[in-house]
Amino acid sequence: MIRKLEPSDAAAFRSLRLDGLSRHPEAFGASWETEAEQPLAWFTATLEKHAVFGAWGGDDDLVGAAGLHIPDSPKLRHKATLWGVFVRPDARGGGIGTALIAAVIDHAATCVEDVVLSVGATNTTAIRRYEAAGFVKYGLEPRALKVGDRYHAEVLMILSLSHVSRG
């Protein structure tokens, strides 16, 4: 089941988020070290400020999440950023990631014109999933992230919601 996360889901969201940051430090702009230090109230505030969708597994465990950030600036409010997409490894392969992305896009279509994202250039599975959802590549940032001594490139993608047919 996929639904928008509520502040009461903060503990489950924190656990999932830290799992993703720990497993794939090259895939997120945020770091485990920084977010692990944050109190539960910080994760509660994140869920209050952003539209974050979660996928719940059979044991009522949060197994995946994806967020949407809409800037406060009037000049930037026409576009939002898809962020934090992660599905626990044991829950992958069943379409959860695709469903989370679709939930974010459906929500975004009610409030913005475009959705942008950045994804690790070597993460071909995610890139294909985003392309299947309608995102198109528009750039490459060669040294987008630095994890330890390694740099990681990111592909920049956009989805124009005026071109998305909903029905």
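These legends walk through close-up views of a predicted model. Local features need pLDDT of at least 70 and side-chain atom pairs count only at pLDDT 80 or more, while totals for chains, interfaces and linings use all residues. Residues are numbered from 1 along each chain as its sequence is written, and side-chain values use heavy atoms, with hydrogens and water left out.

View 1. Let us start with β5, which spans residues 114-120. Helices (H or I, at least four residues) and strands (E, at least two) are DSSP runs, numbered from the N terminus. Six of the seven residues of β5 are buried, where buried means under 20% relative accessible area, exposed means over 50%, and partly exposed lies in between (1.4 Å probe, protein chains only). Two strands count as paired if DSSP finds at least two bridges between them. With strand β4 (residues 79-87), β5 runs parallel, and three bridges join the two. Look for K79, whose bridge partner in β5 is D114. With strand β7 (residues 150-160), β5 pairs in the antiparallel sense over seven bridges. Here V119 has V155 of β7 as its bridge partner.

**View 2. The crossover from β4 to β5.** Follow the chain through β4, helix α4 (residues 96-108) and β5, and you trace a right-handed β-α-β unit. Right-handed means that, with the strands pointing away from the viewer, the path from the first strand over the helix to the second runs clockwise.

View 3. One cavity of 30 Å³ or more is found in the structure, and the largest cavity has a volume of about 60 Å³. On a 1 Å grid over the protein atoms alone, a cavity is a set of points where a 1.4 Å probe fits but cannot get out, and lining residues have an atom within 4 Å of a point. Grid points are joined across faces, edges and corners, and the volume is the space filled by probe spheres set on the points. F13, L16, R17, G20, L21, F28, A65, G84 and F86 line the largest cavity. Two elements, α1 (10-23) and β4, each give two or more residues to this lining, and α1 gives the most, with five. By class, the lining has six nonpolar, two polar and one charged residues; Ala, Val, Leu, Ile, Met, Phe, Trp, Tyr, Cys and Pro count as nonpolar, Asp, Glu, Lys and Arg as charged, and the others, Gly among them, as polar.

View 4. D19 is buried, at 16% relative accessible area. R23 forms a salt bridge with D19, their closest N and O atoms being 2.7 Å apart. Both residues lie in helix α1, four residues apart, about one turn of the helix. R23 is partly exposed, with 46% relative accessibility. R88 also forms a salt bridge with D19, with closest N and O atoms 2.6 Å apart. R88 lies in the loop between β4 and α4 and D19 in helix α1, so this pair ties together parts that are 69 residues apart in sequence. R88 counts as buried, at 18%.

**View 5. The K49 and D72 pair.** K49 forms a salt bridge with D72, the closest N and O atoms being 3.5 Å apart. K49 sits in helix α3 (residues 40-49) and D72 in the loop between β3 (62-69) and β4, 23 residues apart. Both K49 and D72 are exposed.

Definitions and conventions
On a 1 Å grid over the protein atoms alone, a cavity is a set of points where a 1.4 Å probe fits but cannot get out, and a pocket is an open set with protein on both sides within 12 Å along at least five of seven lines; lining residues have an atom within 4 Å of a point. A salt bridge is a side-chain nitrogen of Lys or Arg within 4 Å of a carboxyl oxygen of Asp or Glu.
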